[in-house]
Amino acid sequence: VIGVIVRTELRMLLRDRALLGIACVVLALSGWIAFEGHSRCASKIRVEAEARTQFESRLSEIAAGAAEARTALEQGQRPLTPPAWGERHAAFVGKFRAKETTVMPAAPLGALASGASDMSSGVFEVGIDASDLTQERAQLEHPISLAIGRFDLAFLLIVLLPLLVIVLSHAALAGERASRRADLLLAQPIDATKLLFGKALASVIVLTALLLVVFVIVGSTAAWSTPTFSSEGGSLRLVVWFAVSLAYALFWLGLSLMVGRSAPTPSSSAMILGGIYVACVIVVPATASLTAQAFFPPPSRVEHIVASRQATQEAEKKKADALARFYHDHPELAEGKDGLDETENWVRETEAQARSIEETLAPVEQRFAAALDGQRRVSSAFAWLSPAIAFRAVVDDLAGVGPARRGLYLEAVADLLERRREFFVPAMLARQPIDDLSRVPRFEFAGEAAGTALRRSSDLILWLVALAVIAFAIALRPLPAARFLDPRPAAS
Amino acid sequence: VIGRIARNEVIRIVRDGRLRCAAAVLVVLLALSAWVGREHQQTLARERAAATEQERTLFVGQGDKNPHSAAHYGTYAFRTVPALAMFDPGLLSVLGTAQYLEAHRRNFLVGAVAADSPVLQRFGELSAGYVLAVLVPLLIFLLAYGAFAEERENGTLALVLAQGVVPWKLIVGKAIALLAVLGAIAGPAFVMLAIGVVVEDWRGLGRLGLLAGLYVSFFAVLAAFALAISASARSARSALATLLVGWVVLFVVGPRIAVMVADRLRPAPDLGTFETNLRAERSAMRVPGGEWERREKAAEQELLASRGAKGFEELPVNPAGFAMDLDEVLARELYGKHFAALFATQRSHERMLAMAAALFPVLAVRSLSAAICGTDLESHRHFHESADAYRFDVVRAMNMAMFENRDPSFEVGASFYESVPRFEYRGLPLASVLTPRWPEFVVLGVLMLLGVLVTRRCALRLTGELA
């Protein structure tokens, strides 16, 4: 019997012009999203490649300059060490000329979601000073775009998918009831619960098919949009994303059937579902955002800037102390310090001062990072309030545009700084020339395995699945025939 | 008659439990957003005023140094938060908060609050402006969908018309009822904000009045269209479906699509390209016989002529200060040119969105609302330019102090730093903010005209129905 109900229901759904229209719009929008996402990733990849090429060509230029300087010294029969200021000097190269521009690689599913990735440029110029890590390049993206947000797959699924589900299913039961077809149906040897089950199954088939088509369109584009798709397990991320989207859609379907069990007419069913939709997708997230802002605001950038300035000024004022401490830490360099030329004195003074500023700033930076982290943890608890927020948090993380992958990137930038310091600073202090530039450390970012992202989001994924199961279990519990029928007397 | 119709319509709305519930939710949201908005604005204003004072203390206490080194040490200008940001924070959270003012460079503002905010921020900021521009229209649609359609289904519409009620009076009465209900919902929040604004800066009241006018006309237009749809729909159900789909398209999906299309048509340059172009042009100026050299010679001759000397060696000056000053002048011109191009891109983007507002009017309302509150992009650019003009004056004063002292070891100290005026930012006057926003006003004007036409057509339809 269920097979017949499902077939009949599918036939009716496929004949529904409004539904077909909306499905076509969703598919067209998916195509557009795929195209937009692809060009956005392509431009990111271009910026990344340009930065790398420019860095390598700068290194070649420095190597050529150094070779020229060496030749001149050899021809003039002058000593090769210590190097004079210029292309052979470690401070000149490491601190100024050969700063590496690091660009955060496009996320594995960056073509499908932008999350908060467009809020910052993800570009740093790394030399050998810790202050380089606090100076992220400004974001030139148009502010209105940032404020309104992008139309990406995450948005389509969060905002439009529930509407599609409501259009698809709001009249499934209430329509039969209001049109009095329920009386006719139950006059047949059909159980109301089976009818409900059949209708639910038909809707699940339609939704799964539609989501599959959407994911084939956008997934195939995402796969060749970024190289990180293959290196960071894009296929697995995409499959899980599909499964979570299905769970999200089934939650709305379950909810719609639940409302349909008692709504007298399709319009009252639509009205109630519309109210729940606006509450879950618009009002609760915006209220949660407001609450987070009011009670758990991010630490103040303004106060952080002033605290950093104060720390820097303090360190500058203790310039002499810093140098004394430097020689205390490096007694091997203290010998002959009075005979140093101006450049070398400057190098040591700057290094001593940079370390002093770094030490004074460290607690300020740590306080800020801890406050930011605490605020993120508190506000991530809001994800449990609405399936829309939970879904957004999960898909942003799966796509690689959430705070976790950015955190990894910042760690990689800090690691580059550390490796560069290990490479340049000893040579700079020992007055050794930098002759082999091929050994200059390069930026490396391995990204994150899909499994790690999955494990991190597993609680929210389970929560979304549980919501779908609960909604379905309530919606599909046995339906007494009397409740399926319209209690009002039929019009004559 | 109109008064009686309006009263009946209000009773219909108030009796409907679902509408009462939706209205109550909005009252709470508006009150909450107004209260949080006020707290937030005051916190930000306090924090930035304190930061400005601390920064001044740091600047004055930076110690004795070469004037040009002091110019490199520079200072920070913190973006002021206008009082009306409590109503509509506009773009404040995505724009930077602090501009570093130093020698040779014109920096962007850094430290956007949104960059530190969590995932939630992407769902939108629930300000009073957002509630009025995005959520209240949904309420209008919910209140209006049944105004005619339900009465037609019940048969009361025919009765009312048969009693000789003129259709346009019926429409006007219902529209007045809708606006009265909205007034009751939004009124308390506006009063709360008015008190907040008076406490901060009473001059903001005029702007608040303008905001009230903007939203009332927007709501009137929406009410006219919603009533027209209710009057022409076959059933209350189809009126509701049309209005709900319309809301999602016009208020949620449409603006995002418009922004992406505008982005595609006029993409903003990335910072890498912006800086590379700037550096390249700066290097080109410095080639032997180039712009820099030419300008240097001209400026040198002009200065020497004004002081009646043949060379710098005849004067008690430090030529290095002259070179620094000239570099500052040229750098400012260069940065000015590149920033002007960037701002032109931004402005053309804004113009495209103003045109898109003809399709998605919420874009016009949000843009005008932010402009009136001083939280739009134009106000931000004005702050940035004012801060840079201040930077230029301060750096030049320092370079001149260096130039006027022949001794290369000359240093300035606290008394000199204290003589440097503070950066006092005066916001953009309202007229200057609103003048470039004329396309949005045109869009709203056209919509109001269309609203009148639609109402007229609706009245004719109702007359036809009676016949």
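I began with helices, which are DSSP runs of H or I with at least four residues, numbered from the N terminus, as strands (E, at least two) also are. I noted that the model is predicted, that local features need pLDDT of at least 70 and side-chain atom pairs pLDDT 80 or more, while totals for chains, interfaces and linings use all residues. Residues are numbered from 1 along each chain as its sequence is written, and chains are lettered from A in the order in which they are written.

**Helix α1 of chain A**

I looked up α1(A), residues 2–15, and found that its 14 residues reach 20 Å from first C-alpha to last, close to the 20 Å expected at 1.5 Å a residue, a span taken as 1.5 Å times one less than the number of residues. I then listed A:Ile5, A:Val6, A:Glu9 and A:Leu13 as buried (under 20% relative accessible area, with exposed over 50%, 1.4 Å probe, protein chains only). Seen down the axis of α1(A), these buried residues fall within an arc of 95°, so they line one face of the helix; the arc is that of the directions from the axis to the C-beta atoms. On the other side I found A:Arg7, A:Leu14 and A:Arg15 exposed. The buried residues of α1(A) pack against α2 (17–75), α5 (153–169) and α8 (192–223) of chain A, where contact means heavy atoms within 4.5 Å.

**Chain B**

I turned to chain B and recorded 17 helices and three strands. Buried residues make up 55% of its 467 residues, and the C-alpha trace spans about 100 × 45 × 40 Å along its principal axes.

Terms used. Heavy atoms only, no water.
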